[in-house]
Structure formats: structure tokens, C-alpha cells
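Subject: Structure for you to look at

Hello,

I am handing over the structure we talked about. Please open it first, then read the notes below it.

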Amino acid sequence: MIDEHLPVLQVVVPLLAAPMCLLLGRGTLAWGLATAVGWFALYVALSLLGSVPAGGEIRYALGGWAAPWGIEYRVDRLDSYVLVIVAAVGALVLTYARASVAREIARHQHAAFYAALLLCLAGLLGIVITGDAFNLFVFLEISSLSSYALISLGRDRRALTASYQYLIMGTLGATFILIGVGLLYMVTGTLNMLDLAERLPALGDNRTVLAAFAFLVVGICLKIALFPLHLWLPNAYAYAPSVVTAFLAGTATKVAIYVLLRFLFTIFGAGFSFSGMLLSALLMVLALLGVLVASTVAIFQNDVKRMLAYSSVAQIGYIVLGISLVSVTGLTAALVHLFNHAVMKAALFLALGAVVYRVGGARLEDMKGLGRAMPLTLAAFVAGGLSLIGVPLTAGFISKWYLVLAALEAGWWPIALLVLIGSLLAVVYVWRVVETAYMQPRPAGAAAVSEAPWHMLLPIWALVVANVWLGIDTDLTVGIAGGVAVELLGGAP
Amino acid sequence: MALSLYNYWIVIVLMMTGFYIVIRSTNLVKKIVGLNIFQTSVFILYISMGKVEGGTAPIVTDGATAYSNPLPHVLILTAIVVGVATTALGLTLVVRIKEAYGSVDEEAIQRQDREA
Amino acid sequence: MSALLPAAMLLPLVAVPLIVLLDRYPNRREAVSLVTGGLLFALVVALVPDVAAGGRPAWTLAEPLPGIALAFEVEPLGLIMALVASFLWMVTTVYSIGYMRGHHEKHQTRFYAFFAIAIASTIGAAFAANLVTLFVFYEALTLSTFPLVTHAGTDEARRAGRTYLGVLIGSSIGLLLLAIAWTWNLTGSVTFTPGGILAGHATDGTVLVLYALFLFGIGKAALMPLHRWLPAAMVAPTPVSALLHAVAVVKIGVFSVLKVSIYIFGPALLTSSGAGMALAYVAATTILLGSLVAMRQDNLKRLLAYSTVSQLSYIVLGATLANAWGIVGGSLHIVMHAFGKITLFFCAGAILVASNKTRVSQLDGIGRRMPWTLGAFTVGALSMVGVPPLAGFVSKWYLLLGSITAEQYFVVAVIIVRPLLNAAYFVPIIYVAFFRPPASGVHGEREYGEAPLPMVAALVATAVLTVTLFFYPDWALALAEQLVGGP
């Protein structure tokens, strides 16, 4: 009975829980509710993953209004795969959040904070699950607006300007998407993604369709933070509260990439999107530039959070690179990295959050001597860093392997080499932190630092274990991603 | 011919005006104004697209043979709500920025951050 | 029988938590290390009869990528490697107990724990059944030895650590991983297969580029110009230098080169494509240059490091010659050089602990105070030179035969000239140590004798074995000959 309503519960439960958090008022109660909802969302996402047949989909007509009149929720394997990423990161981050939020955010704002976080989660889940192009825009704005609010809660006043900057760029991006959707509706008369996909091929190279395509791609790339449209990201990640950074790094850009995949492959179809190589070449160049430039910039950051933010831009480059190769292996690489990067970045940012919790900052000099003072936290950081580099037996290796393979398959060995050079740049910036933490003593006179509390360590280490697990047993990632890649390219000639 | 599509010209002029203000202005409030104009242009795009030549409002009445398409209008109601929310949030941020920095000028704020 | 392989792989890992838990009880902690060392060696030895009879015990752990498993298979070359590594781990543990205590090193628990992880990685790499598994343990070895190399925690150690990690990770991710992915792309396989897998899949030009990627990508083989990490890593405590930079790390490097040459390219392909010969020249050049640089070193450990750079290229040379003599010679040299070089490092450490001397120019007359140590040093040094009746002679003889068979007279010349260079830097040390009177009038020179007993026992044992291996190389020879299809 409840099973058939799972798709709607996925979104509605966090959406309704958000105002309840506000009503509960007290920080701890709101946290308890939010965490429970987070785990429930993960349960729903996993059940959906389990019940979606390969190549099939679950369709749910919202309010009983059949498509194309009503809004339809559709869950195919790509959807359920991304849902699991978002819900898993959400559940773990929420579990972790209490102490960190208590430390970083004023007490009277706690309930509002959890409400906004749940709204953001609901928005992100909604983007993924909906089968309606306009509904996607609405959910996009729900998640974006709540994330602007969340970012602005950072302790540094620069969080405000970062949030403002993100608001301007995010709204521009979302409005571009709105224009694109509107133009598509104009020529096809439908907003349902499946109907769009059916009707668009008949229109061929219609100029309105091309304009819609251009608006959509630019708008989505802004949300993805693809180089050089990434300018909002480093500040937003660096100044947001630790919990928010971990949550957004693991989910927001991932969902934006999902939107890109949906539009490029399902709605327009790979044959249309990549005809004439223009988009493919453009994405490839931007992705590679992103990898190299952002990784290099990351090396010179003194704020470790900011360093990881730039690293995120670089990792997004890897994912987009995989997409731009337009092959089954390339898409598999992109999808696998989507999952793996969410897991490793969430682990890294949460570990960093524990450092902020104990030391009060996340600059490089704050990390001195922490290898001895906070061994478990720092060990988790190192493990996440190794995964970022792509050391074997970690999740990162699997992504890199597929990406290199995809480049070689396409006959572009210089790209394979550039991917690996990107990894080496990651070695440099990760190792700066490792060296500081393990080989420099705590500065004289600094307050004694103890290990992070267990309720913070638990989610961190759950992510670290997942990182290693996904590097050894890849049924979940490669297994599903490989199938999804074939499905996505299925319509391609 | 070109003038028969005058609604699109209006949309494009408004859009570029808004976009220009967002990029060019250093005043944070003005940026929000620009953003609003930018969004409004899209609202007009939707609304004008739903208009059917000679159609009336989509209410079933005697004598009406053609109705305008109500769906884009409904959609844009949602988009307007989103736009209002964005503006509200943006202005709230500007107020907080003014409290924290004592200025709403982007350059002045950046200068303060550099000096800090 | 089949449980032997997993047991050997997991044993050192089991020891790690025990070592960490016994942090406060040094005696029990060291006992764990010793017992594990002994057991590990016994387990590896127990694998010998099966493999000698042609058996290939195998174990598949997981399959992270479709078609690419984390799998292990014991073949003769890997067994030789594992035998040497596990035996010398045991000896080195004895030695480190003396050294670490005699030298009052800090963080000894961390030291023994990472030591055990490093050995586990070495065994894993030795038994790897495909390129990806080899790569996994190759990287694990780099990372687990990093804390050992930078053990001192000084600025110098940090700089050396950067070079160490930079060169090794840089080459392995930048070149080796690319080569592995390329191989998979060409052949759809990464499994080590007798006779090679690349034949028929690649043109001669591709083979040459790919082989160069592999050889330079395996930075641990210290082929010039990727040798810089080896002297840099000498800031490590001496037992680390001894085991890791005479045995585990560098030998996994050259072992990987041999393995790739034999099981991925196949000798036939290397010869027919000309790739083998091209890289043989690089190896021969490294042999010569390494020796020349070694001659100019005053720091004893750095001298030994450059000597290692040069000796390693003998093994690479054996692989690139790609004929039966070369491969047997290269495989044997893994064993022979390991025993000789570890003896030398043990001696350098003993000299440091007993007398606090690190430079060659300080060694006047030291042989009279530390006769056992310097005696062992002499044995090790002469084995490096290749004087009979010492182990180093055996492998060099095979390599010489190999290069003559391949009709590479430049290489022949290098093999003949090189011992002279070698002698030119080892013989003077022996001479001053025994025949020159101790430097007189140096104030503050304290009285000293031999190093602590565990150290002397270890270094004498390896020296004796260096001699013994000359007379009884049969076991290694038998295994090595399996590689080239019988005697």
C-alpha cells in the first residue's frame, strides 16, 4: 500500500517536515526530526532503487491526474541512483550535524536551519524524481533559495556576500533554464519530459529548439559550476557552515549534473545534443581547463575548505569530461564519479567540520599537529584525500580508471594524460594538509585539542568505509552506472 | 513581419536591460532590481506565448470560440512567486550585508575584505 | 594447501593491530613482530614445493572492475621475491630492535606498525596475478613507507619525503597507470600470462612507447632520471633503508619490471620489436652513471643508495635483454643483491649507533674497534663488486652470458667495466677502515666497540648467507629457470 506511494513520499515527507521543524522550535528536537526524516528519505530511495527494473521505470501520477495533464513523477534507474546519493549524503550529514551546528550557528536559528536544510533536501530530491520540466524548475528554486539562506548563516561576514553572489548567479542560471523550458513548451505544447522527448525529433533543427537548447545548457552549467561559470562556488563553500558545505558539496552540483544528463540525453537525445561535435568539444575543453586550472588554484589556498572547494570544481570537470566523450565508458565514468565524488567530498568536508569544531578554524596553520591530537579525524581526512587523488582500493581509483579508459577508447591519449596530471595536482594539495597535520607540531601556546566526539566521527567514518568499499566492490556504482549509460545512449543513432 | 513578433522584441530588450544592470551595477540593491527586470522579461515571454489570436480568457462562456492557453499563465504565477521569494531573500541579504559592512557597494565591500 | 596463500597475505596485517595495542610493552611488541616474521617466512617456504613442482596456487579476493579482479597467483618470480622479502624482514626485525633502542628513536610503535604494513604490501605485490593488483600494492607500499622515510620528522625528512612521494606517485600515476589502462585498451586483459599478452595487438612503435612508459612509470626501479627519490629516502632510520631500500621498495620496482617484461610483453615481442634493446641502453647508462655518482659521495648511506641505483639497473638490464640468460640473471640478482646490500646497510647502521659516524672520511681505523661489522661490510662490498666466491658473482655471470648472447657489446663492456668502478669506491673504505690508524687528536671522540648484539648478529648472518648463496644458489636457480621454460 505504502509502496506504491513511495515516489511522492520521497519528496513530500521532507517538505512537510521542514515547517514542523520550525514549529518544534528547540534545536535538539528539530535536529531529531530532521535526522529521522533524512534516514526515512534514504530508506525510500533505497527501496526505489531496489524496485526499479533494469531499463524500466516507476511512474506516479501526482494527485491522480494522469500525464500529460497532471505532473508525473518518474523514477528510472538513473533517478533512483541519484536519489540514493542525495539521500545518503543528507542522512549522514544530518546525523553529524547537531554538535557542529550548535558550535557554528546562533541558538535561536537552529530550528530555522534544520527547516532550510530539509527544504533543500526536498528540493534536490524533487528535481531528480519529477518527470515534468517546469516542476523541475520549481524544485530547483526551492533547493537554491534554501541553500542561499543556509550559506548566509556562516560565521564569517563574507558568508553574506558569498551567498549574495550565489543568489545572483544561481537566479540567472535558473531563469535561463526557465526560458529554455518555456521555448520548448512553445514548440511542443508539453512539459512532460517523455512527451518532449517524443515530439522534439520531429522538429529537427528548428531555431526555437536550438535557442532553448542553448539557454538550458548555459543555465544548467551555471548550476553545475562548470569552469568558467564556477565563480560562485569557492566562496560559497568556504564561508558556509561546515555542515552546509558538506551537504551541498555532496548533493547540489551532483543534482545539477543529473539535470544536464536528463536534458542532453533523455529530452534532446544524444543524437541532437552532440551533432556536429560542437557541444562535445566545448564541454571537453572547459572540463579539462576546469580540472587543470582549479586544481592548480587549489594548491595555493591557505583555507583548507576553500582548497577543497576548488578541488570540487576540478572534480566537476572530470565528470563533465566523461559526459563530453559521449560513449558508454565515458558516461559510466561520469556517473561513477558522481557517486564517488559525493562520498569522498562529504567525508572530507565533515572531517574538516570536526576540525573546525575542535580548533575553531580550517586554515592550514590551524591544522598543525592535528595528526597527533585528532588521529581519527585526520586519518579520515587522509583516506578521503587518497580517494580524491585516485589511489587504488579507494572509490576515486575506479572513477579515474574508467575516465582514462574512456579517453583511450576514443583515441585521445593526451586527455588520459591530462586526467592523470590532474590527479598529481591533487597529490600536491592533499599532501600540503597531510604534511602540516602530521609533521608540524602544534604551535606553542595553542590550546590543547582533543579528538572529535564519537557522534561526529561515526558519520565521517561511515563515509570513509563507503569510500573504500566502493573501491573494492563496485556492484552498486559501476553495475548501475554501466546500465544507465547504455540506457542514456539508447536513443542515440 | 519583424513587428508582428513585437512581443519578443520587448522580451529581448527587457532581458538585456536587466542582464546589463546585474553585470554592470556595483550597488547590491540595483543588482536585485536588474535581476527582477530580467525575470519579468521571462514572465512576459510565457504570458505572450499563451495568447491565442482572438481568444478570450479561458472561462467557458457562451459565444466564445477560441480561448487563450491558460497553462503558461498558471506556470508563470508560480514563477512570479519564486521571483518574489528570491527578491525577498536577496534584499534580506543586502540588509545583513549593510549591517556587517556598513555599505551596499560591491567595490567598497571587496576593499574591506581585502584589508581584513 | 590453498589456505597458505591467503594466510601469508593476511598475517602481517593481523600483526598491525597487535603491535599498536602493545604500544606500552616494547618487549611483547617486538616479540609479535619477530614471531610474525618467522611465521610469514615459514608460510612462504611452505609454498615452495608446490610451485617448484609446477603448481600455481591462486586466490581471488574481489572483482572491483568487470574483468579485472584483485587476484593473486604464486609463480616462481613472485615466490623468489616473497622468500627474500619475508626472510629479510625477519632478520631486519632482529636488527631494528637493536637499532631503534640503541639509537633511542621515538615513535617506535608507529615504526613497527607501518613496517608490517609495508611487508604486507610487498608480499601482495609479489603474488599479484595481474597488473591492476600489482599497481594496488605498489601504491600501498609507497604510502606505507612514507611515514617510515619521514620518521625523524625534521625539515630535512619532510623535504626528502616530498621528493620520495613526488617521484614515486608522480611516475606511477602519471605513467604506469596510463600504461596499464593502455594495455587493457589494446588487449582487453591485464592478467600476467606466460609468453605475454601484447603480441599481435600492437605495432613495434607502440610496443616501444608502452615499454618505456612501464619502465619509467615503475619509478621504484630507479631508472635514471627517476632515481632521485632513492638517495633522498636515506634520511630514514637505517633499518628502513636496509629493508625497504635494499629489499622491499626497490626490489618490488625491478620485480615489476621483470614481471611486465616476461608476462605482459613476453621476451619474444621485446626482441622482435627492438623495444628491449632500446631500453637496455638506458639501463646500461644508469649502471655507469650510478657508479660514477657513488664514487663522489662521502655520506656512507648516500653512497650505498647510488650503488643501489646502479645495481638495480642490472636487473632491469636482465629484463630488457629478453633472453633466457638475462631473465635468469635478473631474477637471481634480486636475491643476490638483496643479501649483499642489506649487509652493507646493516653495517652503516651499526657504525652509526656504535660510533655516531655517517661519513666515509670518518672511518679511519674503525675496523679495529668493530671487526665483525667491518668484516661483514667487506663481504657485502665484494659481493657488490662481483668477486667470487660471493653471491653477486653468480647473477652477474648470467647477465654477462645474456648480453653476449644478445650480441650487445656496449652492454658487455658495461658489465665488465662496472665492477672496476665499484671496486674504486668500496676498496678504499675497506682499506682505511682496517689499515689506517684511527684519527688521533680528535677531541670528544668517545670510546666505542661493536654495536648492540642483535645488530651484529643480524649483519653477520646476512654476510654469511651472502657467501653461502654462492655455493648453494640451486633453489633460486631452479625457480628462475622455470621462468624461461626449464634449465
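**What was found**

A:E72 is a buried residue, with a relative accessible area of 5%. Please keep in mind that this is a predicted model.

**Charged pairs in chain A**

A:E72 makes a salt bridge with A:R59, and the closest N and O atoms of the two are 2.6 Å apart. A:E72 lies in strand β2 (residues 72-76) and A:R59 in strand β1 (residues 57-61) of chain A, so the pair ties together parts that are 13 residues apart in sequence.

Another pair in chain A is A:D156 with A:R158, whose side chains meet in a salt bridge at 3.0 Å, N to O. A:D156 is partly exposed, with a relative accessible area of 29%. A:R158 counts as partly exposed too, at 28% relative accessibility.

**Chain A as a whole**

Chain A has 20 helices and two strands. Along its principal axes, the C-alpha trace of chain A spans about 75 × 55 × 40 Å. For 493 residues, a compact globule would have a radius of gyration near 23 Å, and the 21 Å of chain A agrees with that. Of the 493 residues in chain A, 68% count as buried. Among contacts in chain A with a separation of 6 or more, 79% are between residues 24 or more positions apart. The accessible surface of chain A is about 15,100 Å², and carbon and sulfur atoms account for 67% of that surface.

**Chain B**

In chain B, the side chains of B:E106 and B:K31 meet in a salt bridge, 3.8 Å from N to O. This pair links distant parts of the chain, 75 residues apart: B:E106 is in helix α4 (residues 106-115) and B:K31 in helix α2 (residues 28-50). B:K31 is buried, with a relative accessible area of 7%, whereas B:E106 counts as partly exposed at 27% relative accessibility.

Chain B also carries a nonpolar patch on the surface, formed by B:Y6, B:W9, B:I10, B:I12 and B:M16. Together these residues have about 550 Å² of accessible area. One of them, B:I10, is found in helix α1 (residues 6-24) of chain B. B:I10 is partly exposed, with a relative accessible area of 40%.

**How the chains meet**

Two pairs of chains are in contact, and of these chains A and B share the most contacts. No contact joins chain B and chain C, and their closest C-alpha atoms lie 32 Å apart.

Where chain C meets chain A, 30 residues of chain C are in contact with 28 residues of chain A. The size of an interface is often given as the accessible area lost when the parts come together. Between chain C and chain A the buried area is about 2,600 Å², with 78% given by carbon and sulfur atoms.

How many salt bridges does the rule find across the interface of chain C and chain A? There is one. A:E435 forms a salt bridge with C:R162, and the closest N and O atoms are 2.7 Å apart. Over all chains, a search of the whole structure finds 15 salt bridges.

Regards

Methods
Residues numbered from 1 in each chain as written. Chains lettered and ligands numbered in written order. Predicted model: local features only at pLDDT ≥ 70, side-chain atom pairs only at ≥ 80, totals over all residues. Heavy atoms only, no water. Patch = residues over 30% accessible without salt bridge, like charges linked within 9 Å, V, L, I, M, F, W, Y side chains within 5 Å. Areas by Shrake-Rupley, 256 points an atom, 1.4 Å probe, with all protein chains shown as cover. Salt bridge = Lys/Arg side-chain N within 4 Å of Asp/Glu carboxyl O. Helix = DSSP H or I, 4+ residues; strand = E, 2+ residues; numbered from the N terminus. Buried < 20%, exposed > 50% of the residue type's maximum accessible area, 1.4 Å probe, protein only. Rg over C-alpha atoms; globule rule 2.2 N^0.38 Å. Contact = heavy atoms within 4.5 Å. Buried area = accessible area lost by both parts, 1.4 Å probe.
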